Each structure stands twice: as structure tokens, then as C-alpha cells.
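This briefing concerns the structure displayed below.

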Amino acid sequence: MSILENLLSGDPQKVWEASFDVKNLRDEEELRSIADHIQAIKKATKNIDKDSGTDLITNNSPLSFALLKLKFVKDSAGCQCELYPSNPFFNPNKEAEEGLIIISDKVEDAKNWTADYRCACTKCGNKFKVKKVEYHGPLYVWTNLSPPKKKPPETLIKKTINYVRKRL
Ligand SMILES: [Zn+2]
């Protein structure tokens, strides 16, 4: 079954797994094709989220992050690295292995099971600091150190173009 089929399945286990698939998926085109069905996904998962596990750090379930990411991609809101602060399960070591970020600094405090990272997105150059904390397993608290990029959503650009065209 595809990610979309799983999201629409109504089966909590399949929705759970598909939510992680969305988190890990980076292909913009594939994400966008799933995001086209965001309303149907919301409808099909309306009652599922209540029963699925919510992590205590962000108050977010895997499903609510998946929906956030799909909306982000649909709105062409920017580089996907801007979603790191919304999810404490992005492990910077893994992101670096996949070539998505470069870690410039890492300070480990083995005694307290914590670590501090400095890293940058290889795609857009956004800089982050990441704090690793232990909470029933490792969690990564990402802070975006780069000033927010104000990129208007596509629809606004289209509206503006149409507005200008009418006046030509
Ligand atoms: Zn980026």
C-alpha cells in the first residue's frame, strides 16, 4: 500500500506508520502528490489522532506532524529543514549521514547523556543549534538560528500576478 492509501485507510497502525513515512520522505514531488489529498486525509484521520500516542515534549503526535509537513509543502512555505524545530525525533547524526545537514560542532556531555550540535542545512544554509536530551530515549530540540525567510505562499504570488495583469 502507498503512503496515501495507508493515511486514508482508517487503520490506526497503518496511519501511524504512514505518518513516520511522511516525516522521513524528502521528495517534494511525492510529498506534494500526497498533500493534494490533505482534506481527505484530515477527514479520514479525524478520530484516529485522539487515540494515537502524543509525545509530551511537543504535544504533537506523528500524525499531526505529518499533516503539518504536508501543509508546509503544499503552501511551498520553504526548505523542509524549517520543520526540524517542530519534531524532536530528527536525529542530526542521521540527517548528516543522508547529506541533508553538515555538523560543524558537537559537544558531548557523556555524564548527563546530553550533547550540543551546531549544524547547517546543505540545501538552504539555515543554521541550527540542536540539544540532545534523554527522555525515555534521545530527543533532539532544534533551534533555527537563521532569521526567518519570508517567502509569500504561491497563492499570494498568483493573486498579485493576476492583479497586475488586470491593470496592464
Ligand atoms: Zn534548509
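Which residue takes a positive phi in the hairpin of strand 3 and strand 4? In this predicted model, that residue is His136, whose phi is near 50 degrees, and the hairpin has three residues between its strands. The points below treat the sheet, the aromatic residues and the cysteines in turn.

- Seven bridges join strand 3 (residues 127–134) to strand 4 in the antiparallel sense.
- Phe128 has Asn144 of strand 4 as its bridge partner, and Val133 stands opposite Leu139 in strand 4.
- In general, strands of a sheet pair through backbone hydrogen bonds, either parallel or antiparallel.

**Aromatic residues**

- The count of aromatic pairs comes to six.
- One of the pairs, Tyr84 with Phe90, is edge-to-face, with 5.0 Å centre to centre and 75 degrees between the planes.
- Tyr84 counts as buried because its relative accessibility is 3%, under the 20% cut-off.
- Phe90 likewise has 3% relative accessibility and counts as buried.
- The ring centres of Tyr84 and Trp142 are 4.1 Å apart and the planes lie at 20 degrees, so this pair is stacked.
- Tyr84 and Trp142 are both buried.
- One aromatic cluster is formed by Phe65, Tyr84, Phe90, Phe128 and Trp142; of its members, Phe128 also bridges to strand 4 through Asn144.
- Lys23 lies over the face of Phe90, at 4.5 Å from the ring centre.

**Cysteines**

- The structure contains zero disulfides.
- Cys119 takes part in no disulfide, and its nearest cysteine sulfur, that of Cys121, is 9.2 Å away.
- Cys119 is buried, with a relative accessible area of 3%.
- Cys81 also counts as buried, at 3% relative accessibility.

How values were computed
Residues are numbered from 1 along each chain as its sequence is written. This is a predicted model: local features need pLDDT of at least 70, side-chain atom pairs count only at pLDDT 80 or more; totals for chains, interfaces and linings use all residues. Side-chain values use heavy atoms; hydrogens and water are left out. Two strands pair if DSSP finds at least two bridges between them. Helices (H or I, at least four residues) and strands (E, at least two) are DSSP runs, numbered from the N terminus. A disulfide is a pair of cysteine sulfur atoms within 2.5 Å. Buried means under 20% relative accessible area, exposed over 50%, partly exposed in between (1.4 Å probe, protein chains only). Rings of Phe, Tyr and Trp (its six-membered ring) pair if their centres lie within 6.5 Å; planes under 30 degrees apart count as stacked, over 60 as edge-to-face and the rest as tilted. A charge sits over a ring if NZ of Lys or CZ of Arg is within 6 Å of the ring centre and within 35 degrees of the ring normal.
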